[in-house]
Amino acid sequence: MKILDVRFIPGPNIYVSKPILVARVDLEELTERDSNEFPGFVDRLIEHLPGVTDHHCAKGMPGGFVERLREGTYFGHVLEHVTLELTDRIDAPAYFGKTLYAGRAGLYDVVMECHAPEAMTRLIAVAADLIQALVDGRPFSLDAALEDAADIHRRHRLGPSTVAIVREAEARGIPWRRILGGSFVQLGTGKWAKRIEATIGPETSAVAVDIACNKAYTKAVLKEAGVPVPDGGTALSEEEAARIAQDVGLPVTVKPVHGNQGRGVSVCVNTESEVREAYRRAAEIDPEVIVERWVPGLQYRILVVRGRMVAASLRHPPRVVGDGVHQVRELIELENMDPRRGVGHEKPLTRIPIDEVVLRQLRAQGLDLEAVPAAGRVVVLRDSANLSTGGTAEDVSDRIHPDQRWLCERAARAVGLDICGVDLMTPDIARPVNEVGAVVLEINAAPGIRMHEFPSEGAARNAGRAIVDALFPPGHPTRVPVYAVTGTNGKTTTTRMIAHILQSCGETVGAATTDGIYVGGRKIVEGDTTGPSSARTVLAHPDVTAAVLETARGGVIRGGLGYDRADVAVLTNISLDHIGQDQIETLEDLIFVKSLVAERVYPGGAVVLNADDPSLVELAGRLRRRIVFFSMRPDNPVVLRHLAIGGTAILAKDGWILERTGARTWPIVRVVAVPVACRGAAGFHVANALAAAAACRAGGIPRSQIAHALRRFGREVDNPGRTNLYRVGRSYVMVDYGHNPHSFAAIGQLVQQWPGPRVTGVIGVPGDRDDSIIQAAGTEAARHFQRIWVKEDRDTRGRERGEVARLLTEAVRGVNARLPLYTRLEETEALREAVSSSLPGELVVVFYEKKSPILQTLEELGAERVWDWPRASGRRQSAREVRHLWQTTLQ
């Protein structure tokens with residue numbers, strides 16, 4: 001068994017709305033072998049993983065999977081369940097799994113819910129190794145492999161503070177995504193996005209962070225602001241440290257200027273020799289060392305957000321309580337067995353480490369690790385109270401005196417941090433400062449908030465909510481509207497139309513299309529950008545106030561959606577295309593993929609569907625969102641039924657684009673006023689305009705604004721590569737991206753109304769299409785063009801050179817054996833020959849692979865852009881003209 005490839009899909013996908021991991025697996029020698037063919041395999045698996053006995057599988061009840069194992073099931077299925085069980089063992093539980101045939105015997109895609117991709121990638125390899133060992137009857141060290149995976153999980157998972165913030169963002173419906181590793185996260189989208197790293201926010205001052213990270217700077221700033229701090233100074237040598245200690249008076253605290261988590265800190269140092277030793281320990285962290293008067297009292301951490309106290313905790317150093325039976329080492333081990341304790345920050349509490357600091361602290365109490373403390377004796381293990389070294393926290397938010405709270409808030413403002421942790425030392429936080437005294441020891445940038453979210457004692461405080469409220473005050477926008485467009489044909493033009501309409505309303509639109517990403521009308525990325533990564537690029541751009549995302553089939557299958565939900569989804573049409581790719585074999589497979597776009601719409605959003613497409617009409621019945629239909633047929637019974645129940649539709653009727661809701665009708669714009677519609681002759685562009693108008697009305701755009709924008713689209717605003725018309729000498733060239741039978745038919749219907757003598761097609765189809773699709777495209781071309789040049793894409797997509805051309809030629813000949821037909825594989829050569837042999841007024845339609853070479857060729861031919869569809873002359877051709885044209889066609 002071999003894992004060939006693993007990919008992580010972080011967003012909604014065709015399998016489930018959660019993130020998934022997809023592993024392509026070759027079963028190799030286990031191909032077409034079942035689990036019951038290997039004696040003892042099932043029992044050995046249960047012995048290693050008793051939890052699999054609870055797996056339901058298709059049986060729908062606990063034990064169902066084991067029953068399948070004993071009956072005999074294929075090993076791709078076994079791999080799925082074993083991996084899912086292993087996720088629970090490393091505290092990264094996943095529950096959804098699916099194993100799919102991937103095109104040949106023994107090749108499968110194992111799909112599993114996944115929130116820890118780095119760890120799960122390791123786990124599926126462990127699962128494969130375990131299964132192979134059990135099949136072979138070999139021993140396998142599962143615990144060691146799981147510890148490795150658990151360590152990967154700990155290193156790559158979000159920190160507890162970030163998790164608390166993300167959890168609150170999700171509760172408020174704020175979209176979020178992780179950026180690379182660590183705790184770097186984007187909350188919200190577009191203009192309203194905020195990026196955080198743990199508890200450092202976008203408005204956290206870099207200068208304030210530098211101050212907080214330098215304890216000497218912090219003391220100086222606080223002292224100048226009148227905030228009480230311990231007396232002391234900064235030492236660069238043992239002698240200087242001893243002198244400062246003598247000046248301020250023993251005992252003292254010694255700590256590095258730059259440090260965190262209590263590293264190198266010594267508290268209540270009582271002698272000069274101890275001061276020198278403490279200096280050496282601190283200097284290992286930072287050569288600059290603070291020596292300050294030790295202040296008696298209790299250690300508190302106060303969380304301040306935007307100048308306001310959010311939570312207060314009393315911090316206790318790690319400690320154990322003797323029972324007269326166990327040694328100190330054993331007491332620590334027992335304490336570390338508390339399920340709340342984990343490695344690092346993975347759980348509410350951290351396991352207590354045994355290190356030199358602990359040994360020194362024990363010696364100070366006359367103890368060592370083998371000592372057995374008397375029952376009830378409290379043994380303090382460190383003098384610092386950091387959670388990261390095993391300390392605990394008690395919530396005291398309701399006990400803090402207003403005077404103490406005001407002191408901490410004033411300290412935070414003095415340093416300039418919007419989110420910070422104030423370390424306060426005071427005998428009693430419930431009493432006024434002037435009665436008991438208090439000093440601020442440190443100000444912490446990026447403070448951990450797990451002590452407030454999960455205190456060892458006292459009430460939990462939703463610190464994450466306070467931070468999210470600071471980032472996004474109530475009523476503040478958190479995301480930009482998203483318009484998602486998918487379908488077989490018309491996606492790009494519809495996307496451009498919607499973007500243009502929104503742009504005309506003053507929005508800064510981010511649009512992802514087949515020819516690039518645009519922001520505010522400027523292209524920022526070149527290429528086909530209809531996949532999830534392009535959507536994420538748009539939604540991360542700080543200028544974008546509205547997003548229009550063309551969403552292609554391939555990207556959805558391989559990478560899911562690049563967004564969580566859309567406000568408006570548009571499905572233009574669905575027809576046979578891409579058959580044979582990505583296990584798509586039928587029209588139903590295509591509908592299944594593209595319907596994801598319709599399903600991922602916010603509550604209150606809308607799905608725009610083509611009522612003239614039976615597949616989309618059927619899909620409408622399964623959706624639980626508001627439906628807006630568009631149709632070229634005002635008498636469409638689907639539309640009439642929809643209107644009868646008060647629904648909304650955008651229709652083409654009597655030369656107008658109309659909006660109807662129930663029995664009410666509003667005109668939007670005349671069809672002939674929309675330049676891209678070619679005076680109404682381009683029915684497919686009329687349909688695109690209907691879809692765009694429906695989407696924008698669903699998004700709340702006024703009809704007048706839609707009309708204004710559509711009147712400019714195709715003349716003042718270009719639609720590059722889509723039915724673009726050029727004059728070349730006395731003939732014309734139309735440039736279009738059509739590459740399937742439906743596109744050829746649509747353009748063919750348009751050019752039937754061409755006022756010139758004949759229409760020539762320069763055709764090609766991508767090589768990754770099924771033979772049937774290529775042949776159907778050739779058949780459509782033969783029905784609509786009087787001459788045809790067959791060319792091929794430079795990228796043959798796995799086919800032999802000339803194979804696509806042969807299939808197209810055969811299809812054309814099957815319709816009309818006498819049709820003038822030429823083959824030039826290089827498309828610019830084919831275009832030149834078609835133009836050079838054209839008649840005056842003839843139209844040459846070229847369906848391009850890459851737009852730039854075609855436009856360059858037209859420029860070399862002296863082409864001029866034509867923005868208006870030529871009018872018919874109104875004069876019928878004479879018999880002689882018709883006869884001459886026919887003879888020319890046959891040459």
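Figure 1

**Figure 2. The pairing of β12 with β13.** Strand β12, which covers residues 298-305, and strand β13, which covers residues 308-316, are joined in the antiparallel sense over seven bridges. Within this part of the sheet, Leu 303 stands opposite Ala 311 of β13. In general, the strands of a sheet pair through backbone hydrogen bonds, in either a parallel or an antiparallel manner.

**Figure 3. The packing of helix α7 against helix α8.** Helix α7 (residues 206-213) packs with helix α8 (residues 215-224) at an angle of about 105 degrees, and the two axes are 5 Å apart. Because angles of 65 to 115 degrees count as roughly perpendicular, α7 and α8 are therefore described as roughly perpendicular to each other. On the α7 side the contact is made by Asp 210, Ile 211, Ala 212 and Cys 213, while α8 contributes Lys 215, Tyr 217, Thr 218 and Val 221. Sorted by class, the contact of α7 with α8 comprises five nonpolar residues, one polar residue and two charged residues.

**Figure 4. The aromatic pair of Phe 38 and Phe 75.** The structure holds 10 aromatic pairs, and among them is the pair of Phe 38 and Phe 75, which is edge-to-face, with 5.7 Å from centre to centre and 75 degrees between the planes. Phe 38 lies in the loop between β2 (20-26) and α1 (41-48), whereas Phe 75 belongs to helix α3 (residues 75-89), so the pair ties together parts that are 37 residues apart in sequence.

Figure 5. Pro 160 has its place in helix α6, which covers residues 160-171. When residues up to four places away in sequence are not counted, Pro 160 touches His 345 and Arg 450. Thr 488, by comparison, is 328 residues from Pro 160 in sequence and 44 Å from it in space, C-alpha to C-alpha.

**Figure 6. Confidence along the chain and the stretch 873-891.** The protein chain averages a pLDDT of 92, and 97% of the residues score at least 70. Over residues 873-891, however, the pLDDT is below 50, and this stretch has 13 contacts in the model beyond near neighbours in sequence. Where pLDDT is low, the predicted coordinates should not be read in detail.

Definitions and conventions
Residues are numbered from 1 along each chain as its sequence is written. This is a predicted model: local features need pLDDT of at least 70, side-chain atom pairs count only at pLDDT 80 or more; totals for chains, interfaces and linings use all residues. Side-chain values use heavy atoms; hydrogens and water are left out. pLDDT is the predictor's confidence in each residue, from 0 to 100. Contact means heavy atoms within 4.5 Å. Two strands pair if DSSP finds at least two bridges between them. Helices (H or I, at least four residues) and strands (E, at least two) are DSSP runs, numbered from the N terminus. Axes are lines fitted to C-alpha atoms, for helices over the stretch in contact, and angles run from 0 to 180 degrees between N-to-C directions. Angles under 35 degrees count as roughly parallel, over 145 as roughly antiparallel, 65 to 115 as roughly perpendicular and the rest as oblique. Ala, Val, Leu, Ile, Met, Phe, Trp, Tyr, Cys and Pro count as nonpolar, Asp, Glu, Lys and Arg as charged, and the others, Gly among them, as polar. Rings of Phe, Tyr and Trp (its six-membered ring) pair if their centres lie within 6.5 Å; planes under 30 degrees apart count as stacked, over 60 as edge-to-face and the rest as tilted.
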